[in-house]
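This report describes a model and its metal sites. The structure is shown first.

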Amino acid sequence: MALIDRLIKDYPELTFISDASFRWSPANQQISYNARASGKTSDWALLHEVAHALLSHNHFSSDFSLVRQEVDAWAKARILAAKYNQEIASDYIEDCLDSYRNWLYRRSSCPRCTSASLQIDNSASYLCHNCNFSWQVSRERFCRPYRRTSKTTQPIT
Ligand SMILES: [Zn+2]
Ligand SMILES: [Zn+2]
C-alpha cells in the first residue's frame with residue numbers, strides 16, 4: 001500500500017488533499033500533498049507535514065520558534081518513518097533545516113552593524129542590541145526548499 005493510503009487510514013482526523021505542494025494547514029487540519037511527486041523524498045515530505053499536524057503546530061510567535069518547530073517536526077517524522085519501515089536520511093533533514101537556519105540568519109542579522117539580533121515577540125520587528133537599529137521583516141511564511149537530490153531544488157511551501 002502506498003504511504004499516502006496508509007496515512008489516510010491511520011489518521012482519519014486529518015484531511016489529505018492532492019495539491020501542487022506539501023503543506024500543513026492548521027486552520028482546516030488539512031495536509032496537502034503532491035500526488036505527482038514520487039520517490040523517497042516525497043514520502044519524507046509527507047511524513048514531515050503529518051508530524052507538524054500531530055505536534056499541533058498551529059501557530060508560531062517568532063522566526064526562531066518557526067525554526068524550532070521544523071527541528072521538532074523532523075524528529076517526529078523520523079519516528080513516524082520507522083512505523084512505516086522507512087528511514088529519513090539525516091543529510092536530507094540537515095539540508096532542509098539549513099535552509100531555515102540561513103533564512104533565520106538573514107532575517108536576524110542587523111542591516112546596519114550585522115550583529116545577530118532578537119525578534120520582538122509576536123511581531124515582524126527585530127531590534128539590534130548592539131546599535132539599537134530596528135527593522136521589519138516580511139510576515140510572509142517561509143517558502144521551504146526541499147532538496148530532492150544534491151543538485152536540484154524544489155520549492156515547497
Ligand atoms: Zn515543516
Ligand atoms: Zn546593529
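In what order do the elements of the chain run from the N terminus on? The order is α-β-β-β-α-α-α-β-β-β-β-β, where helices (H or I, at least four residues) and strands (E, at least two) are DSSP runs numbered from the N terminus.

## Basis and confidence

This is a predicted model, in which local features need pLDDT of at least 70 and side-chain atom pairs count only at pLDDT 80 or more, while totals for chains, interfaces and linings use all residues. Residues are numbered from 1 along each chain as its sequence is written, chains are lettered from A and ligands numbered from 1 in the order in which they are written, and side-chain values use heavy atoms, with hydrogens and water left out.

The average pLDDT (the predictor's confidence in each residue, from 0 to 100) is 88 for the chain, and 89% of the residues score at least 70. Over residues 144–157 pLDDT stays under 50, and the model has 40 contacts for them beyond four places in sequence; a contact means heavy atoms within 4.5 Å.

## Overall fold

The chain has four helices and eight strands. Of its 157 residues, 45% count as buried (under 20% relative accessible area; exposed is over 50%, partly exposed in between; 1.4 Å probe, protein chains only).

Helix α3 has 21 residues and reaches 31 Å from its first C-alpha to its last, close to the 30 Å expected at 1.5 Å a residue; the expected span is 1.5 Å times one less than the number of residues. Buried residues in α3 include Leu 66, Glu 70, Ala 73 and Trp 74.

Donors are N, O and S atoms within 2.8 Å of the metal (3.2 Å for Na, K and Ca); water is not among the atoms, so sites may look incomplete. His 48 lies in α2 (residues 40–54) and Glu 70 in α3 (residues 63–83), so the pair ties together parts 22 residues apart in sequence.

Both His 48 and Glu 70 are buried. Four donors count as tetrahedral if all angles lie between 85 and 135 degrees; four count as square planar and six as octahedral if opposite donors are over 155 degrees apart and all others between 65 and 115; anything else is irregular.

## Zinc ion, ligand 2

The SG atoms of Cys 110, Cys 113, Cys 128 and Cys 131 lie 2.3 Å from this ion. Their angles of 102 to 119° make the arrangement tetrahedral.
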